[in-house]
Amino acid sequence: MTNQSQQSDGHLTPQEVSRFVDGALSPAERHHVEAHLATCSVCRAETVHVGRLVRARERRKRLFVVVPVAAAAAAAGILLLTSSPSEPSPLTGRVFRDAGDGAQRLEVVAPIDDSTVVSDSLRFVWRSAGTDVQYALAVTDSNGGPIMSETTADTTLVFPVVPNLAAGQTYFWFVDALFNDGESATSGIHRFIIPP
Amino acid sequence: MPSGSHTRGFPASADGASGLPKELANVLGGVAGVEREQAWEQFLQIHSTLLLRVARSVAPSQDGAMDHYAYVLEELRRDEYRRLKAYVPDRSTKFTTWLVVVTRRLCVDHYRRVYGRPWKKTTPGEVEPTVAARRRLIDLLADDISLDSFPDTTTTDPDRGLRVKQLNEMLSRAMGVLSPRDQILLRLRFEDDVPIREIAALMRYPTVFRVYRRINALLDRLRLALMNQGVDNPEP
């Protein structure tokens, strides 16, 4: 499919670059693409940049996958606390660390865990992770279903109108800091409750 | 810079059988008008975060990112979605990766138009090409020599300049006999200053240690090749 020659400007085609980044090239295609990359700094820079963007996206997707597990873990933790108040929930911590790739945690300010918030004035606040950082915030229901997600360069996100938040339900949220070099840090999963 | 407008054949039917993502098939297969507008909105609902993230990674500011984002949307829609039609379904790779490449190319093109100079990613660890080239030689020939002690390639001393040029030519020749994959490895590390962990991910090495070991082996080979050409000192 992609063993055609380079495009008219002499660089790799988008298909070749994406297949290289995804590791999907056949041996013959790989030979052709690598021969070009060995001498073309423009395409090399492109593959590095695209690779960073794609991996950062995959890390965020892994977080979304982990949220349902974390929600279940949180529920298990509540059960553990009910039966044995002195024991913390070890599962929640383990799941979270896996989700964050061992990255440093962002410190959240509001809403604090298990606080009740009015759904028509949702306001999320966290501490800065430095300059030139993008933050990606996500809110999910207890099944891990995404309710909303947003990115910002600020350390505050306010949602004036938030649909789909049911009264009396607990919701989960987290915010990731996305650094220029493709690295990320996460707040871990936090909870808030919509009052009945 | 590549324009991302490379055109290839596209399956005549933009339905599920074409292997296209559903949201893309709807855009390309829909009848022009309300139906297609709705399909486009659905496409954006799914991919706007990704497009915006790419725009932000290229643009120098938040306002610039929105400007780039708007340009990307305009270009993707141009000529009946010509750019999107260039996508060839491929089971072994992701549409989103392809979309990142195309979006990035559009953003880089837009940056060049707006700012009048090529876009270049700058990171805290990034070094100028001249310094990078010098560091490459230092790594090859004498690990314990400080960067400052190595002669600048911009020297005004003609003899010294000639010697530096010869050294670089010898190095290029020595690198030229390496496989393309090994050349990429060295260039990513010593010219592009890419972290080892990223090189491992990009080049599909199972661990970073494999990358370190391979680079060390390659440096040994290059050092030997240069010594065989009479180079035993990085000082010209």
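How many residues does the contact take from chain B and from chain A? It takes 39 from chain B and 37 from chain A. Two residues count as in contact if their C-beta atoms, placed from the backbone, lie within 7 Å.

This is a predicted model, in which local features need pLDDT of at least 70, side-chain atom pairs count only at pLDDT 80 or more, and totals for chains, interfaces and linings use all residues. Residues are numbered from 1 along each chain as its sequence is written, while chains are lettered from A and ligands numbered from 1 in the order in which they are written.

On chain B, H2, H4, H7 and H8 each supply at least two residues of the side that touches chain A. Helices are DSSP runs (H or I, at least four residues), numbered from the N terminus.

Helix H6 of chain B spans residues 158-176 and reaches 26 Å from its first C-alpha to its last. B:Val164, B:Leu167 and B:Leu171 are buried there (20 or more other C-beta atoms within 10 Å of the residue's own). Those buried residues fall within an arc of 60° seen down the axis of H6(B), so they line one face of the helix. The arc is that of the directions from the helix axis to the C-beta atoms.

Confidence comes next. pLDDT is the predictor's confidence in each residue, from 0 to 100. Chain B averages 78, and 75% of its residues score at least 70.

| Stretch of chain B | pLDDT | Contacts in the model |
|---|---|---|
| Residues 123-127 | under 50 | six, beyond four places in sequence |
| Residues 143-151 | below 50 | 14, beyond near neighbours in sequence |

The model scores ipTM 0.79 and pTM 0.61.

Definitions and conventions
Expected span 1.5 Å × (residues − 1). Buried ≥ 20, exposed ≤ 12 C-beta atoms within 10 Å, placed from the backbone.
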